[in-house]
Amino acid sequence: MASLSCSANQLAQLLGPNTTNATAAAAYLCGQISTISDKFTDTAYAVDTTYLLFSAYLVFSMQLGFAMLCAGSVRAKNTMNIMLTNVLDAATGGLFYYLFGFAFAFGSPSNGFIGRHFFGLKEIPSSSFDYSNFLYQWAFAIAAAGITSGSIAERTQFVAYLIYSSFLTGFVYPVVSHWIWSPDGWASAFNTENLLFGTGVIDFAGSGVVHLVGGIAGLWGALIEGPRIGRFDHSGRSVALRGHSASLVVLGTFLLWFGWYGFNPGSFNKILSPYSSGSYYGQWSAVGRTAVTTTLAGCTAALTTLFGKRILSGHWNVTDVCNGLLGGFAAITAGCSVVDPWAAIICGFVAAVVLISCNKLAEKVKFDDPLEAAQLHGGCGAWGIIFTALFAREKYVNEVYPGKPGRPYGLFMGGGGKLLGAHVIQILVIVGWVSATMGPLFYVLHKLKLLRISAEDEMAGMDMTRHGGFAYIYHDDDDSQKPGIQLRKVEPRSTTPTSI
């Protein structure tokens with residue numbers, strides 16, 4: 001926001017020689033104008049900070065969505081386990097992101113690979129960052145950890161969750177976010193002094209930074225652990241181990257949908273930024289457009305999945321529709337701010353096809369992911385990065401990423417192929433980085449017998465063997481060979497009054 005300025009000497013000349021003590025009057029008027037200008041500046045900071053904090057609260061509410069989605073997608077005998085891991089993703093991630101993660105991600109000035117300042121939030125607040133920035137970025141970091149926990153659900157030791165969550169939120173994820181979102185990052189679109197291919201990577205809210213990172217980490221965890229007992233029969237055919245509550249899946253999906261309006265529109269970090277003074281069109285319009293593209297991509301993906309799975313399986317499956325919806329959201333996250341609403345519909349349609357295809361491939365190679373997290377966040381996240389490089393509009397790119405006029409934009413919009421080249425590099429580098437860090441970590445945990453639980457514990461369920469009892473007052477009668485589960489309610493025991 002432009003500040004008001006006033007010169008007492010100039011104003012005194014305008015008041016003229018007939019004004020009594022013109023210099024004093026001018027100084028007084030300038031002082032009042034400066035006070036008003038300061039109030040406007042203070043208000044702008046307060047409005048933007050409130051907007052960012054509200055967005056952070058929305059993104060954090062997605063943890064409840066993850067928890068409900070995960071709980072509904074696993075069998076009843078593992079409900080307490082998966083709920084506890086979701087709580088600890090947030091708690092562990094909070095400490096490690098505070099100590100190391102935020103500094104590695106945004107500690108400027110730094111090199112292009114990793115940040116070097118703000119450990120333990122030292123020197124915060126500053127002219128660049130306030131506490132609200134930390135809170136918002138922490139909510140993103142624990143979202144990446146939550147994605148990974150879904151891939152390795154129902155068979156992972158509790159200590160493994162603590163170790164990988166700390167490492168992912170404290171080091172692996174922050175390094176990637178530094179590359180793409182820090183002004184010092186080697187691939188950042190904000191690094192106007194040294195832009196990759198003259199454009200940098202446009203991953204606005206994290207199809208690559210969050211979703212692809214979480215998806216690839218989950219891919220390695222699930223591959224090294226192997227499938228759950230009973231997921232594939234002796235002949236190699238897929239056996240559905242259905243989650244115990246479609247209601248929780250739908251509830252979690254709607255909570256994630258709600259939180260995504262903080263995830264994508266909130267990534268502007270501020271809202272009170274006019275593109276031209278005195279106009280109805282400004283960053284607030286871009287925020288609204290981002291919410292619309294997010295909505296359209298998710299809706300299109302949900303409907304495409306609904307009819308696609310109906311053709312393939314003959315059923316109208318609510319769980320598949322929920323996953324398709326989330327796949328559309330994961331895909332649009334990269335380009336939500338720089339594409340038109342009509343392009344978001346294309347994004348959602350293709351995202352649904354990518355998700356269905358990845359799930360078919362996973363079955364063929366006997367890959368077991370209880371929440372389809374690797375396929376959804378990894379596959380659809382990668383598509384979202386490519387989609388942005390194809391459909392980013394020149395006008396929106398210049399508005400959202402100012403400071404470098406004439407930068408390349410979407411290939412299909414006439415912007416050439418440089419942005420596509422930068423985004424292909426982003427996918428390859430993220431896959432390589434996460435594979436080189438999380439893959440060895442899961443392998444070491446596997447070799448130390450700290451990764452997978454015993455077959456006996458897996459058959460009985462981790463709620464009983466690791467957490468002291470079931471989440472519900474039910475017995476799980478599943479013998480792990482039947483598709484789905486059957487529950488038998490435990491009736492209260494009758495007691496006979498003792499005669500005195």
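Predicted model: local features only at pLDDT ≥ 70, side-chain atom pairs only at ≥ 80, totals over all residues.
Which hand does the crossing of α7 and α9 have, left-handed or right-handed? The crossing of these two helices is left-handed.

## Overall make-up

The chain has 500 residues, and 54% of them count as buried. Its secondary structure comprises 15 helices and 2 strands.

Consider next the contacts with a sequence separation of 6 or more: 72% of them join residues 24 or more positions apart.

## Helices α7 and α9

Helix α7 covers residues 246-263, and helix α9 covers residues 318-332. Their axes lie 10 Å apart. The packing angle is about 15 degrees. Angles under 35 degrees count as roughly parallel, and α7 and α9 are therefore roughly parallel to each other. Their crossing is left-handed.

The α7 side of the contact consists of Ala-246, Val-249, Val-250, Thr-253, Leu-256, Trp-257 and Trp-260. These meet Val-318, Thr-319, Cys-322, Leu-325, Leu-326, Phe-329 and Ala-330 in α9. By class, the contact residues are 12 nonpolar and 2 polar, with no charged residue.

## Helices α3 and α5

Helix α3 runs over residues 79-106 and helix α5 over residues 158-181. Their axes come within 8 Å. They cross at roughly 40 degrees, and that makes α3 oblique to α5. This crossing is right-handed.

The contact of α3 with α5 holds 17 nonpolar residues, 11 polar and 1 charged.

## Phe-66

Where does Phe-66 lie? Phe-66 is part of helix α2, which spans residues 22-73. Is Phe-66 buried or exposed? Its relative accessible area is 6%. Buried means under 20%, so Phe-66 is buried.

Which residues does Phe-66 touch, leaving aside those up to four places away in sequence? They are Asn-86, Ala-143, Ile-147 and Leu-256. Leu-256 also belongs to the α7 residues that meet α9. Phe-66 and Ser-149 are 83 residues apart in sequence. In space, their C-alpha atoms are 9.7 Å apart.

Notes
Residues numbered from 1 in each chain as written. Heavy atoms only, no water. Axes fitted to C-alpha atoms, helices over the stretch in contact; angles between N-to-C directions. Helix = DSSP H or I, 4+ residues; strand = E, 2+ residues; numbered from the N terminus. Parallel < 35°, antiparallel > 145°, perpendicular 65-115°, else oblique. Left-handed = near helix turned anticlockwise from the far one by under 90°. Contact = heavy atoms within 4.5 Å. Nonpolar A, V, L, I, M, F, W, Y, C, P; charged D, E, K, R; others polar. Buried < 20%, exposed > 50% of the residue type's maximum accessible area, 1.4 Å probe, protein only.
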